[in-house]
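Please brief me on this model. Cover the pocket, the metal site and the sheet.

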Amino acid sequence: TKNVYVFKKGSSGGRKEMKQLLGGKGANLCEMAHLGLNVPPAFTITTVVCQEFYKAGGKLPNGVWDDILSAVKEVEQAYGAKFADPADPLLFSVRSGAAVSMPGMMDTVLNLGLNDTVVKGLAKKRGERFAYDCYRRLLDMFGDVVLGIEHSLFEAEMHAVKEAKGIKLDVNLTGDDLKEVVRRFKGVYEKVGKSLPEDPFEQMKLAINAVFGSWNTPRAVKYREINRIRGLLGTAVNVQSMVYGNLNDNSGTGVCFTRNPATGEKKLYGEYLPNAQGEDVVAGIRTPLDVTHMAENFPEAYKDLVANTNMLEKHMRDMQDCEFTVQDGVLFMLQTRNGKRTGPAALQVAVAMEREGMVARDEAVLMVEPRHLDQLLHPMFEGTNKPEYKKAFLGKGLPASPGAAVGKVVFTADEAEKWHKEGEKVILVRLETSPEDVGGMHAAEGILTARGGMTSHAAVVARGWGKPCVCGLDKLEVDYPSKTATLGGTTLKEGDWLSLNGSSGEVLQGKQPVKPPEMSGELAVFMEWVDSFRKIGVFTNADTPADAIVARKNGAQGIGLVRTEHMFFATAERIAAVRRMIAAEELLEGEGSSAADALAALKEFQREDFEGIFTAMDGLPVTIRLLDPPLHEFLPHEGSPELDALCETLATEMQGRSGQHMSAVRILKSKIHGLQEANPMLGLRGCRLGIRHPDITEMQAKAILEAAVNVSAKGIKAHPHIMVPLVGFEEELANQVGVIRKAAEDTFKAKGATVEYKVGTMIEVPRGALRAGDLAKHADFFSFGTNDLTQMTCGFSRDDAEAKFLPLYVSQGIIQADPFEELDVTGVGELIKIAVQRGRETRPNLHLGICGEHGGDPKSIEFVSTLVDYVSCSPLRVPIARLAAAQAAI
Ligand code: PEP
Ligand code: MG
């Protein structure tokens with residue numbers, strides 16, 4: 001492959017399929033050139049060069065500069081002007097562009113090629129105002145991006161000049177004013193002891209280096225981390241000949257989407273600024289005009305824009321997000337890419353494009369990302385026409401990213417991150433956001449800005465994440481030093497509650513109540529399409545009838561995991577019963593009657609719960625896991641007053657059986673102390689508990705089967721699947737299966753009725769995975785408990801690793817992702833493969849599922865989709881898992 005690809009209208013070496021090599025921007029520019037659209041002649045330096053740039057310690061690899069020089073020559077010819085030629089200067093922009101778009105994360109320099117001599121030539125040819133406007137922009141961007149001079153230093157000078165002249169808008173600055181701005185900008189350079197290289201080629205070289213360098217700035221690294229963007233070579237660099245939206249009033253620049261990125265409505269949607277350069281729109285400094293107004297000011301260019309964008313959408317078979325410039329009435333296309341969109345828009349666009357015949361049904365299913373569905377399932381405000389809601393109204397900005405956000409006001413990204421870490425929900429309130437703010441934006445529930453349009457940085461980034469965002473609320477005044485803002489006559493202080501309605505743009509005081517979303521008609525249609533491609537089942541992890549009902553509404557085809565212990569925490573009465581059981585079982589060995597009483601009480605609770613769950617899941621399998629966690633999790637912390645009180649109560653209950661009250665308290669305390677374990681996750685839990693206390697297993701099995709018999713009598717179809725946790729040895733499973741089968745016999749005899757039931761095991765201990773062939777002798781089914789399997793395979797504590805070192809591991813590239821979120825395919829995944837193969841060798845019809853957190857993670861679902869029969873996840877993630885499973889099958 002070449003290092004550099006040149007393209008111009010009607011001719012291009014690259015194509016849209018070459019994104020890995022040319023980056024998204026470069027590949028699509030090549031495609032537009034190939035299609036004959038009016039793109040300024042340009043060249044793209046590949047991502048491979050970026051990779052080599054880093055290998056070479058941050059310099060251009062040998063030979064590349066020569067390739068660049070000959071590309072410049074080609075562009076000069078196509079453009080009809082020369083770089084660095086004072087008589088008729090060609091200027092360049094240098095822009096980043098990776099294979100995956102990272103809006104605003106990396107750097108751009110415009111108007112390269114100007115110096116004190118060239119600017120005079122440009123002024124002569126195109127006018128003084130224009131030439132010095134370009135020059136001041138170059139000084140600002142080059143200073144900021146290449147030399148690391150604070151952008152705010154330039155901003156302050158610009159502000160001072162405007163102030164002195166009593167001017168509000170940049171466009172009203174005259175040529176002389178801009179000369180003054182340039183003089184002051186040079187002063188800024190001097191103050192920090194730096195200078196803009198006089199030689200335009202030197203400028204270009206430094207700018208290219210800086211853009212390659214921007215691939216690894218902290219903010220870019222963070223953005224990739226948050227968005228799980230991995231496996232890229234680096235960024236490409238696009239060196240484009242400049243066309244000028246700031247040439248005169250017959251020029252302008254803008255951004256548009258072929259459909260509305262917030263709602264999906266089919267209508268050209270966007271904004272432009274007359275007499276401006278690209279960064280003015282994206283940076284959100286001036287609030288732009290609606291793109292449809294162009295029809296009046298630039299009728300020819302607008303007609304071309306409509307035609308080009310229509311054709312691009314058809315050609316790319318997806319909604320496009322385009323950047324363009326109008327120079328003296330002539331339209332130039334600067335970029336096109338698949339537009340980032342909200343969940344509602346993604347759904348709308350996919351369904352509409354299928355109906356328009358633009359994409360096939362399977363393609364439509366691939367167009368909605370799992371996180372889009374996640375957004376569709378996000379809460380909305382309740383009662384937006386109620387007086388309480390109306391009374392809380394403070395102001396209305398642009399509805400930049402839909403949804404309801406409620407949180408406490410903070411004014412900096414750092415504070416947002418800090419508060420979020422402390423468990424607070426925050427709303428980030430800014431005049432405008434910049435790419436440095438991404439960490440805080442991500443930590444916030446929602447984002448509110450005073451400046452910027454629907455395509456401003458805040459809006460684009462927020463939509464990408466599905467975070468509610470209201471922007472361009474110009475009545476909002478923010479005073480950073482005092483950490484206050486005023487809006488609609490109300491002063492907001494840091495920490496005040498605020499509610500944002502990203503769907504309407506409304507900002508509301510206080511904590512407005514939210515409600516779960518409604519499944520719309522389109523969503524139902526789309527989910528039907530999804531299910532028509534899906535090959536594996538989607539079950540749910542649910543512990544209560546209420547959860548089961550939600551999951552079933554979301555399309556769950558069964559319950560893959562009922563964690564019985566969660567039911568124990570449901571009420572104070574239950575937890576008291578559990579504690580009595582522990583006291584009897586663990587603390588009063590030999591006190592049989594007491595243990596039996598406690599167990600009988602618990603069995604009642606459990607049976608009722610199971611009846612509820614079987615009823616909710618009528619006709620579908622319900623997988624119930626026997627007691628799993630260490631017993632001390634049910635007890636108050638050591639040394640706590642609650643523990644003292646508990647010992648008192650238990651001792652009183654036991655009086656008469658165990659002698660003196662005082663000594664009973666003392667004995668209980670010391671026994672409870674004995675329950676503590678150094679490694680509770682590896683201790684007395686799972687089937688080990690059931691083996692030590694078979695009567696607990698028996699009680700649970702009876703509760704399950706009695707419940708099944710009882711509801712069956714009412715005509716409900718119960719399908720109990722009883723599951724033994726944490727099995728590593730065949731004998732463990734054999735032991736517990738024995739207890740369960742005996743309990744079943746007893747129950748059926750006592751009830752005079754039977755139900756069909758299955759017994760299976762979790763695979764969550766590496767030894768269990770390796771010995772799956774033996775385990776399958778005793779199991780009708782396996783369910784992979786990938787939380788524990790990850791913990792024990794990697795040797796990473798579930799409780800501590802995430803706080804202590806996993807983020808470090810990810811940021812250093814030691815591992816690619818948190819293995820508790822995204823299945824570690826090469827390690828844990830290997831064990832799953834082994835277990836599937838060995839299990840099925842023993843029992844070909846073994847039913848297989850996964851019920852760890854990974855069952856709801858799209859990437860993990862993709863991996864297991866060829867191995868298991870179903871995934872099981874939390875009720876709200878069920879639709880997401882359905883989509884991920886369908887996409888894995890397409
Ligand atoms: C697991 O370990 O993956 C599992 C589902 O069980 P738990 O999370 O309850 O340990
Ligand atoms: Mg587990």
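The points below are grouped by topic. The model is predicted. A magnesium ion (ligand 2) has Glu764 and Asp788 as its protein donors, and Asp788 is also among the residues nearest the centre of the second largest pocket.

**Second largest pocket**
- The volume of the second largest pocket is about 380 Å³.
- Its lining comprises 25 residues. Those nearest the centre are Arg563, Met681, Asn787, Asp788 and Arg798.
- By class, the lining holds 12 charged, 8 nonpolar and 5 polar residues.
- Strand S28 (559-563), helix H22 (564-568) and helix H32 (786-794) each supply at least two lining residues. H32 gives the most, with 3 residues.

**Magnesium site**
- Glu764 (OE) and Asp788 (OD) lie 2.0 to 2.2 Å from the magnesium ion (ligand 2).
- Glutamate 764 sits in the loop between strand S31 (758-763) and helix H30 (766-770), and aspartate 788 in helix H32, so the pair ties together parts 24 residues apart in sequence.
- Glutamate 764 has 2% relative accessibility, so it counts as buried.
- Aspartate 788 also counts as buried, because its relative accessibility is 2%.

**Open sheet**
- An open sheet of 8 strands runs in the order S15-S25-S24-S17-S18-S19-S20-S16, with mixed pairing.
- Strand S15 (393-396) and strand S16 (398-401) are the edges; each has a single partner strand, so one side of each lacks a neighbour in the sheet.
- From one strand to the next, the twist averages 30 degrees.
- Strands S17 (residues 404-410) and S24 (residues 497-501) run antiparallel, joined by 5 bridges. Alanine 405 has leucine 500 in S24 as its bridge partner.

Notes: Residues numbered from 1 in each chain as written. Chains lettered and ligands numbered in written order. Predicted model: local features only at pLDDT ≥ 70, side-chain atom pairs only at ≥ 80, totals over all residues. Heavy atoms only, no water. 1 Å grid on protein atoms, 1.4 Å probe; cavity = no way out; pocket = protein on both sides within 12 Å on 5 of 7 lines; lining within 4 Å. Points joined across faces, edges and corners; volume = space filled by probe spheres on them. Helix = DSSP H or I, 4+ residues; strand = E, 2+ residues; numbered from the N terminus. Nonpolar A, V, L, I, M, F, W, Y, C, P; charged D, E, K, R; others polar. Donors = N, O, S within 2.8 Å, 3.2 Å for Na, K, Ca; no water. Buried < 20%, exposed > 50% of the residue type's maximum accessible area, 1.4 Å probe, protein only. Pairing = 2+ DSSP bridges. Axes fitted to C-alpha atoms, helices over the stretch in contact; angles between N-to-C directions.
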